[in-house]
Amino acid sequence: MPHPIKEISETENSLSLKELNLMLKKKQKSIPTKFLYDDLGSKLFEDISNTQEYYLTRTEKKILNKNAPSIMNISRAKELLELGSGSSKKTKILILQALKEKNNLTYVSFDISTKALNMSYDELKNISPKLDIKLVKGDFINDLEKVENTINSRLYLFLGSTLGNFNNETAIKFLTNISKKMKKIDFLLLGIDKVKNKEIIKAAYNDKDGITEKFNKNILNVINNEYNLNFQPNNFQHIAEYNEDKNQIEMYLKANSDQKISMLNEEIEINSGDKILTEISRKFSDLGINEIFKKSGLLLEKSFNDEKNYYSLYLLKSNK
Ligand code: SAH
Ligand code: TRP
């Protein structure tokens, strides 16, 4: 029997065809990032995280392995709530640490992808009878306030540098929402990729086996299915370039030829060389991220880094 999944989104799809249509007609065309994560996309992301070039996952894992006792000791959480959990492989480290000292623990996996929720359950189901696993399907931008509150101490988790996929305004709005939801005894553990040599960063989004390329192009299959469109993924090229002024990776699909996409009784023209933005991935300095914490009502309790300072975990409290 599959584990039950609680769906908390009110509408099946919060983006209307009209909104997508407008995004594709703007000067900078774009497709919302969340469409990267259907079943195949979630599987491909898992494969990306195992590539040699993608240092983020293994670095975050290393920091967690080293500091799990300290993190769980400070937070004293009876419940872990992870937003955009993916497969929960890294979170398992914290769960195992918490179970050493607790008779029961709740883990809530929150993700937009059913595949991710099922991977997460498979990863954790046999750990311990003391662990209660809950799967919640929703959008962490739109549905956060619908997540049930608890009287238990809760550790919010937002790992994998997913915050870097938001622009500054959205990042602050998102963290402010969490901070408002947090009780005095709650903590937030946030994983953030840091500014470093740009060749190392670029390589992480241009793996030589082309998994990131497949992941990027798959977004077109997802919106084709979702909105009944006629994008041809093979007519596009994967581009991930580093914008040094903004300290961010920008991932695009670049058209190889002129093409027309039928939509809402019109044909959207995409010209050869046009680039559709599918994702940004921001890289932060300590100073920059601290500025965001301040604007979001968060107080830094402790930070944890790897020895090269490639990546940081921040343990935060709400300032209320
Ligand atoms: N935390 C994991 C996965 C990171 S990938 C790790 O560190 O490896 C980002 C995850 O967020 C994916 O599992 C994806 O399905 C999920 N996600 C992306 N957009 C989302 C949204 N709007 N709402 C909820 N989950 C989302
Ligand atoms: N949060 C991840 C990151 O910014 C998401 C991600 C990993 C990603 N690989 C990607 C996004 C490739 C787009 C393309 O690193």
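The domain assignment of the protein chain, whose bounds come from an automatic or database source, divides it into domain 1 (16-52 + 198-282) and domain 2 (55-196 + 284-318). The structure is a predicted model, in which local features need pLDDT of at least 70 and side-chain atom pairs count only at pLDDT 80 or more, while totals for chains, interfaces and linings use all residues. Residues are numbered from 1 along each chain as its sequence is written, and chains are lettered from A and ligands numbered from 1 in the order in which they are written.

Taken over C-alpha atoms, the centres of domain 1 and domain 2 are separated by 27 Å. In the interface, 18 residues of domain 1 are in contact with 17 residues of domain 2, contact meaning that the C-beta atoms of two residues, placed from the backbone, lie within 7 Å. On the side of domain 1 that touches domain 2, two or more residues are given by each of helix 2 (39-49), helix 7 (198-204) and strand 12, where helices (H or I, at least four residues) and strands (E, at least two) are DSSP runs numbered from the N terminus. Helix 2 provides the largest share of this side, 6 residues.

Ligand 2 is surrounded by 13 residues, of which the closest are Ser-161, Thr-162, Thr-212, Glu-279 and Ser-281; a residue is counted as near if its C-beta atom, placed from the backbone, lies within 6 Å. Helix 8 (211-227) and strand 12 (275-282) each supply at least two residues of this shell. Because domain 1 and domain 2 both give residues to the shell around ligand 2, the ligand lies between them.
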